[in-house]
Amino acid sequence: MKYRILIADDHAVLRSGLRLLLSSTGEFEIVGEASSGIETLNLAETLQPDLILLDLSMPSLGGLDAIPTLRKLAPQSRILILTMYDEPQYLRQALKRGAHGYILKKAADSDLFSAIRAVLRGEMYIHSSMTRVLLDDMLSKSKAEQNVGAWNTLSEREQEVLRLVALGYTSTEIAEKLNLSPKTVETYRARGMEKLGLRTRAALVKFALQEGIIEEE
Amino acid sequence: MMKKIFEKFWSIAGAVSVCTKILGIVLGSTLLLGTGVIFQARAAFQATMMRLLEEQSISAARDLAARAADPILLNDLVYLQNLLDETVKNSPNVRYAFLLDPQGQIIAHTFHGGFPLALLSLNTVAATSHHHTVLIRTNEGLVWDTAVPILNRKVGIARVGVTDLSVQRVLSELTLQLGLTMLVVSVAGILVAALLTLILTRPIQELLQATREVAKGNFAVRVKRWADDELGDLADAFNQMSEQLALTENLRREREWLRRQLLEKVIASQEEERRRIARELHDSTSQNLTSLIVGLRMIEENCRQCPAQPKALELRAVASRTLEEVHELSLRLRPRILDDLGLAAALERLAAEWEARYKIPIDVAIRLNERLPGAVETAIYRIVQEALTNIVRHAQAHSASILIERRGNMLRAIIEDDGIGFDPQTRFGEHHLGLLGMRERAELLGGKLVIESAPGAGTSLLIEIPLSTLSSE
């Protein structure tokens, strides 16, 4: 039995190309083509395909926003994102909303088959150029955990200054608030950051949020 | 030397107020004039009085000589004594009178406490002389002593001394009165001068006040033309200047406003154009290229033995490269992610790419719960982009940081690096131009850009943009 595939992409030429390409092996059957998000939802509901090849940028309803509804309308269908977007945020969003795979269009010619097969096998497929993102996410989390407890080794003044740095005050503003010279503020800041093993303000902000030193909005 | 003295004088006189200067001039000239008059009057008076006293001395002595001749001959001592006393009594200026016989012996005199013998030798007169007067300085003042021979000295000599005591007294009185007059005149002079100063400096004060106002930017002030003099002309000129300045300022404001409008339009349309081209590249060109690649792949698959197969492979490689480039181009023009997922996602992506390309570690912390107005997102994105470009070009930084957060109705962005820093006062170079562009973008949205930096101390850029005044898109 052939796997039944729904292609959702607003680009007709690409759709026909994909149809030809996927049909050529005899493994897959293209049961439908959708050119918009709404059309994809309708076709998915009626066709209940094995796999939906989903583009993220489509008129009327973007791919990202379509995913949760697709999951509801066609719970058995696997969703493989085929997109131009190589931004980590799209990947994260797509996975968060329930996609099973993510492949870039630039790799459509080489890796599409293996991606489709992997997803149909029930695996997650992330294109190799994107896996780095997930790894970085993980690493940055474990890196931040190293500093836990270091906060208490800071002097009161250093804590005070760093808290304000994390809250987004400039050195001049902090100096005014604490009645210190900007130079002194810089010194406290540098010393405190050194102790925490942090290099930048943004890193400090993340640390402070994690440690509950400043409040999440 | 003269110059030095003048400088010294001017450092004191020049430093006091105009009021004091005028008072000084009036008081000075009054005093100078008064003192001069007093001295002149005293000198003239004294000279006249001295001549008169001398004459009085002569006339009194001659009178005495004439009247004493007979009594001396008759040896009527009582009469002589009376005559002498009368001579002294008749004029307050006559200090003494006495008569000598031809041998120089005293016949009679008016000294009560004994005759000062030294007086005898001080004056004498020849027998044929009409009279002889000498001026004697005594402890009682000047004395004009006149000796007159009585009947050619055959009978004797009459001598009369006239002092200037009363003259001195009158002179003192005169001086005192003149002094008092001068004092009164001086006081009156001061009053007049004060009034004069008030009249004179009041328009100046007003001009000063008005000038300060103009300096503060209030061009609406006008000064009154107090008088038809140079100060009045100055006031008129000042008013004209203020008017001109106000006109210029208005013109400048209008131009600035127009410039802003134009800039806003240029930026907006540039952004729109970029968005359009990026979308076109992304949606059409990229998709076509992808179709091309897929099609070529198809050809490869379908005819593995065709002579065209290697060519298809080659073309697919070219198409892939082109797709890569188009993608890059579209991203650089305007990342789709900025419109789709917002500022946070777009900046994270920008930072990640920047870090990968320039090998400078960068941390990004974005504390936003919701999407911002499109104009603000675009502005912040472009500002951060420019800031990162600056860091690469100028900062020699080891790390960089982006913090975006919302504080009340303010969006705050802090972009920092730990590079070599610079003096924010410097107004030269490309660096400054970049900053100018960033500032312009922030100000167009009613925000501001603050630079904190010093050579060797890294650079912090603070951008604040108000969110309340802008309607959400």
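This is a predicted model: local features need pLDDT of at least 70, side-chain atom pairs count only at pLDDT 80 or more; totals for chains, interfaces and linings use all residues.
Figure 1. Of the 473 residues in chain B, 30% are buried. Chain B contains ten helices and ten strands. Among its contacts with a separation of 6 or more, 63% are between residues 24 or more positions apart.

**Figure 2. Burial and secondary structure of chain A.** Chain A comprises 217 residues, of which 44% count as buried. Its secondary structure consists of ten helices and six strands. For residue pairs at least 6 apart in sequence, 61% of the contacts in chain A join residues at least 24 apart.

**Figure 3. The contact between chain A and chain B.** Chain B contributes 46 residues to the contact and chain A contributes 30 residues. On the side of chain B that touches chain A, the elements giving two or more residues are helix 5 (230-302), helix 6 (309-333), helix 8 (343-358), strand 6 (362-367), strand 7 (400-407), strand 8 (410-417), strand 9 (448-453) and strand 10 (459-466) of chain B. Helix 5 of chain B gives the most to this side, with 14 residues. By residue class, the side of chain B that touches chain A holds 17 nonpolar, 14 polar and 15 charged residues.

**Figure 4. Two nonpolar cores.** The largest nonpolar core has 63 residues, and those with the most contacts inside it are Leu204(A), Leu347(B), Ile380(B), Val384(B) and Ile402(B). Helix 9 (residues 374-395) of chain B gives the most to this core, with ten residues. Leaving aside residues up to four places away in sequence, Ile402(B) touches Ala202(A), Leu347(B), Ala351(B), Ile362(B), Val364(B), Val384(B) and Ile415(B). Another core, of 53 residues, lies apart from the largest one; among its members are Leu54(A), Tyr90(A), Leu296(B) and Met298(B).

**Figure 5. The five-stranded sheet of chain B.** The sheet is open, with strand order 6-7-8-10-9 and mixed pairing. Strand 6 and strand 9 of chain B stand at the edges with a single partner strand each, so one side of each has no neighbour in the sheet. From one strand to the next, the twist averages 10°. Helix 8 of chain B packs on the sheet and touches strand 6 and strand 7 of chain B; the direction of helix 8 makes about 175° with that of strand 6 of chain B.

**Figure 6. Strand 8 of chain B and its pairing.** Seven of the eight residues of strand 8 of chain B are buried, so the strand is largely enclosed by the rest of the structure. Strand 7 and strand 8 of chain B run antiparallel and are joined by eight bridges. Within this pair, Glu405(B) has Arg412(B) in strand 8 as its bridge partner. The two strands form a hairpin with two residues between them, and Gly408(B) in the turn has a positive phi of about 65°. Strand 8 of chain B is also joined to strand 10 of chain B by eight bridges, and these strands run antiparallel. Here the bridge partner of Met410(B) is Pro466(B) in strand 10.

**Figure 7. The pairing of strand 9 with strand 10 of chain B.** These antiparallel strands are joined by six bridges. Ser453(B) stands opposite Thr459(B), a residue of strand 10 of chain B.

**Figure 8. The surroundings of Ala220(B).** Ala220(B) lies in the loop between helix 4 (165-216) and helix 5 of chain B. With 9 other C-beta atoms within 10 Å, Ala220(B) is exposed. Ala220(B) and Ser242(B) are 22 residues apart in sequence, and their C-alpha atoms are 7.2 Å apart in space.

Notes: Residues are numbered from 1 along each chain as its sequence is written. Chains are lettered from A and ligands numbered from 1 in the order in which they are written. Two residues are in contact if their C-beta atoms, placed from the backbone, lie within 7 Å. Helices (H or I, at least four residues) and strands (E, at least two) are DSSP runs, numbered from the N terminus. Ala, Val, Leu, Ile, Met, Phe, Trp, Tyr, Cys and Pro count as nonpolar, Asp, Glu, Lys and Arg as charged, and the others, Gly among them, as polar. A residue is buried if 20 or more other C-beta atoms lie within 10 Å of its own, exposed if 12 or fewer, and partly exposed in between; C-beta atoms are placed from the backbone. A nonpolar core is a set of buried Ala, Val, Leu, Ile, Met, Phe, Trp, Tyr and Cys residues joined through C-beta atoms within 7 Å. Two strands pair if DSSP finds at least two bridges between them. Axes are lines fitted to C-alpha atoms, for helices over the stretch in contact, and angles run from 0 to 180 degrees between N-to-C directions.
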